[in-house]
Amino acid sequence: MNTISVYNPFREFDALANRLFHQSQPARSGESRPWVPQVDITEDETAYTITTDLPEVPKEAVKVTVEDGVLTVRGERQWEKKSDTTKVHLVERTYGSFTRSFRLPDDAAGDQVSASFKEGVLKVIL
């Protein structure tokens, strides 16, 4: 019996992207490494909104700045040391510092930025 294969011109790119953008090894307990929080960027007739998921990051650990037409969100999610009797079997979530930067569109007013932080979600409105 013959097998039909579908040609995928992006097969090699997909393999490379998986190697580059996915962590192959989970962090060891307490290990800190950079992570990239996920964002949504939307636009309506009055504003741009950037929504960022920051679970277990305290509000005080997040800083939003605008400089030279670039909005930057920085912060850190720290590993909580468990008791000495707790055995850690697997850590897949990433801990450590993060930075996300976005070049503002020409029609965005960088001096009119508001931010709110509720239940681990940062919402920045321009």
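Colleague: Is Trp79 buried, partly exposed or exposed?
Modeller: Bear in mind that this is a predicted model. The relative accessible area of Trp79 is 23%. Buried would need under 20% and exposed over 50%, so Trp79 is partly exposed.

Colleague: What kind of pair do the rings of Trp79 and Tyr95 make?
Modeller: Their centres are 5.2 Å apart, with the planes at 85°. Planes over 60 degrees apart count as edge-to-face. So the Trp79 and Tyr95 pair is edge-to-face.

Colleague: And Tyr95, buried or exposed?
Modeller: Tyr95 has 8% relative accessibility. The cut-off is under 20%, so Tyr95 counts as buried.

Colleague: How many aromatic pairs does the structure hold?
Modeller: Besides Trp79 and Tyr95, there is Trp35 with Phe98, their ring centres 5.1 Å apart and the planes at 65°. That makes the total two aromatic pairs.

Colleague: How many residues apart are Trp35 and Phe98?
Modeller: Trp35 sits in the loop between helix H1 (11–21) and E1, while Phe98 is in strand E5. The pair links distant parts of the chain, and the separation is 63 residues.

Colleague: Which side chain meets Arg93 in a salt bridge?
Modeller: Arg93 lies in the loop between strands E4 and E5, and its partner in the loop between E2 and E3, so the pair ties together parts 37 residues apart in sequence. The N to O distance is 3.2 Å, and the partner is Glu56.

Notes: Residues are numbered from 1 along each chain as its sequence is written. This is a predicted model: local features need pLDDT of at least 70, side-chain atom pairs count only at pLDDT 80 or more; totals for chains, interfaces and linings use all residues. Side-chain values use heavy atoms; hydrogens and water are left out. A salt bridge is a side-chain nitrogen of Lys or Arg within 4 Å of a carboxyl oxygen of Asp or Glu. Helices (H or I, at least four residues) and strands (E, at least two) are DSSP runs, numbered from the N terminus. Rings of Phe, Tyr and Trp (its six-membered ring) pair if their centres lie within 6.5 Å; planes under 30 degrees apart count as stacked, over 60 as edge-to-face and the rest as tilted. Buried means under 20% relative accessible area, exposed over 50%, partly exposed in between (1.4 Å probe, protein chains only).
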